[in-house]
Amino acid sequence: MSDLKDRLSDGLYGLGWATVKKLPEPVAAGLGRRIADVAWKRRGKSVLRLESNLARVVPDATPERLAELSRAGMRSYMRYWMESFRLPTWSKERVERGIDIKDIHYLKDGLASGRGVVLALPHLANWDLAGVWATRVLGLPFTTVAERLKPESLYDRFVAYRESLGMEVVPHTGGSAFGRLARRLRAGGLVCLVADRDLSASGTEVTFFGETARMPAGPAILAQQTGALLLPVTLWYDDTPVMKGRVHPPVDVPDAGTRAERTAVMTQALADAFAEGIADHPEDWHMLQRLWLADLEERAPGERASGERTPGERASDDRAPDGRAPGEPASGGREGGAA
């Protein structure tokens, strides 16, 4: 049964990439909204989890308001998928028309200075579109990390898709990922990591909308060990076809403290920047899984382990299964294979 579900998932995603990209754009957008509305009306676990998460983001929301937000959230989520299925067919001009990023000077100035740059993003709007904009419009190749999906064929499909968009994709497994990221940064390159969810037992604890959650330590550790600039980025949709975004001011490395203490301060700063963007645009936060520790503690027997992913989860965060930065030895030493 598991093998059948895996093959079905791979087949459905393959059908999406093969079919949706051929549809006229208004038709694809309308199809995404219809699929989102059907999923929302079914009130499945993902929709209920989304509403539970949004209740923390908008604590004074009425049940009616939460329902409105979750419906908008599912539409935003399906817009992400419809756009992503179509991105390989978009021209440079179409990509440029489809995105508007504020304060991009932080990124450009950082790279111009010879420092590497780590961009850390939450699951807001469409980070794949932002990545294509960076590679095709700005001419900035970058490296990211992909966590393995099941089935393997689906993971291979995602990797091939992102590489076709100009991204260098590093698998999170094995001991070389952190080293490869570090080498790219020391050479003045760009690394992009989705970094608002780490469900392992050893992620960095942060206060997020008033409660404790865990987020990956990788972005902060990379910045400390390579001297790279760490920049939070938030994205959102509005009532136009153009996705908006903002590059936030750099997260500085503290002058004092142990590595763990500095990492905690920097990861909290990332969480604060993410929270600002999510609070402004809660309907564009695609968090359909458990995030806060209080919710993880309520996990029922037999639910998925925290490190497992379903095909519907974007394979783009930067953690190893045990919460370490990608490739970082369990002893906390230097990154494996780094120059």
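These legends walk you through close-up views of a pocket and a cavity in a predicted model. Residues are numbered from 1 along each chain as its sequence is written. In this predicted model, local features need pLDDT of at least 70 and side-chain atom pairs count only at pLDDT 80 or more, while totals for chains, interfaces and linings use all residues; side-chain values use heavy atoms, without hydrogens and water.

**View 1. The second largest pocket.** Its volume is about 560 Å³. Here a pocket is an open set of points on a 1 Å grid over the protein atoms alone, with protein on both sides within 12 Å along at least five of seven lines. Among its 23 lining residues (those with an atom within 4 Å of a point), A29, R33, R75, R79 and T240 are the closest to the centre.

**View 2. What lines the second largest pocket.** Helices α2 (25-42) and α4 (63-86) each give two or more residues to this lining, and α4 gives the most, with 8 residues. A helix is a DSSP run of H or I with at least four residues, and a strand a run of E with at least two. The lining counts 11 charged (Asp, Glu, Lys, Arg), 9 nonpolar (Ala, Val, Leu, Ile, Met, Phe, Trp, Tyr, Cys, Pro) and 3 polar residues (the others, Gly among them).

**View 3. The largest cavity.** A cavity is a set of grid points where a 1.4 Å probe fits but cannot get out. The structure holds 2 cavities of 30 Å³ or more, and the largest has a volume of about 140 Å³. Of its 13 lining residues, L119, A130, W133, A134 and V233 are the closest to the centre.

**View 4. What lines the largest cavity.** Strand β2 (117-121) and helix α7 (127-137) each give two or more residues; α7 gives the most, with 5. This lining has 12 nonpolar residues, 1 polar residue and no charged ones.

Methods
Points joined across faces, edges and corners; volume = space filled by probe spheres on them.
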